[in-house]
Amino acid sequence: WRAQAGGRFAPGVHATAVVHPDAVVHESAHIGPHCVVEHGAQVGANSVLRAGVWLGEGCIIGDRCLIQPGAVIGGDGFGFAPLDGRWEKIEQLGCVRIGNGVEVGANTCTDRGALDDTVIADGVKLDNQIQIGHNTRIGAHTALAGCVGVAGSADIGAHCTVGGAGMILGHLQIADHVHVSAASVV
């Protein structure tokens with residue numbers, strides 16, 4: 001196992017990675033140092049998980065994806081309900097489904113869905129340090145710049161862009177081909 005010439009990554013699982021026996025990793029995928037691939041997770045053909053990526057239980061990464069170091073895919077969403085003056089955790093039962101040709105930046109977190117899945121469609125590009133809330137849907141070939149925050153259950157169309165530090169509030173539907181300027185709140 002090691003990087004090939006020209007920046008390509010050789011297929012295989014690094015010796016320090018942890019892959020659950022019930023996970024499915026395509027033989028052409030690359031799982032880097034200190035990655036964790038949980039029970040029932042799937043990694044598609046020619047996809048690359050760089051160092052320290054965590055892929056949660058039942059989450060799916062399609063073909064030809066690049067997941068940069070430190071990304072967390074499938075952590076619990078921020079689901080809590082008030083109960084008798086305190087917060088009660090709501091189980092997050094969905095997963096994250098990432099399409100083909102997606103790139104996810106370093107230290108980006110994509111939360112699993114509460115009941116439905118969080119879905120990142122084909123060709124989406126996510127920069128570094130982005131937060132994708134539970135049950136979010138991002139349409140094909142949309143690009144989000146660094147430090148964007150997307151609250152739970154937002155539905156972003158295809159071919160959209162969101163500039164750096166832009167914020168998308170929860171439960172909104174954004175049409176295709178919308179461009180949100182940096183530091184804007186929708």
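Q: Is glutamate 88 buried, partly exposed or exposed?
A: Glutamate 88 is partly exposed, at 34% relative accessibility. Here buried is under 20% relative accessible area, exposed is over 50%, and partly exposed lies in between (1.4 Å probe, protein chains only).

Q: Good. What should I know about the model and numbering?
A: The model is predicted, so local features need pLDDT of at least 70 and side-chain atom pairs count only at pLDDT 80 or more, while totals for chains, interfaces and linings use all residues. Residues are numbered from 1 along each chain as its sequence is written, and side-chain values use heavy atoms, leaving out hydrogens and water.

Q: Which residue does glutamate 88 meet in a salt bridge?
A: Arginine 86, at 2.6 Å from N to O. A salt bridge means a side-chain nitrogen of Lys or Arg within 4 Å of a carboxyl oxygen of Asp or Glu. Arginine 86 is partly exposed too, with a relative accessible area of 45%.

Q: How many salt bridges are there in the whole structure?
A: Three. One of them joins arginine 97 and aspartate 117, at 2.9 Å. Arginine 97 sits in strand E14 (residues 96-98) and aspartate 117 in the loop between E16 and strand E17 (118-120), so this pair ties together parts 20 residues apart in sequence. Strands (E, at least two residues) and helices (H or I, at least four) are DSSP runs numbered from the N terminus.

Q: And what does lysine 89 pair with?
A: Aspartate 76, with the closest N and O atoms 3.2 Å apart. Lysine 89 is partly exposed at 39%, and aspartate 76 is partly exposed at 42%.
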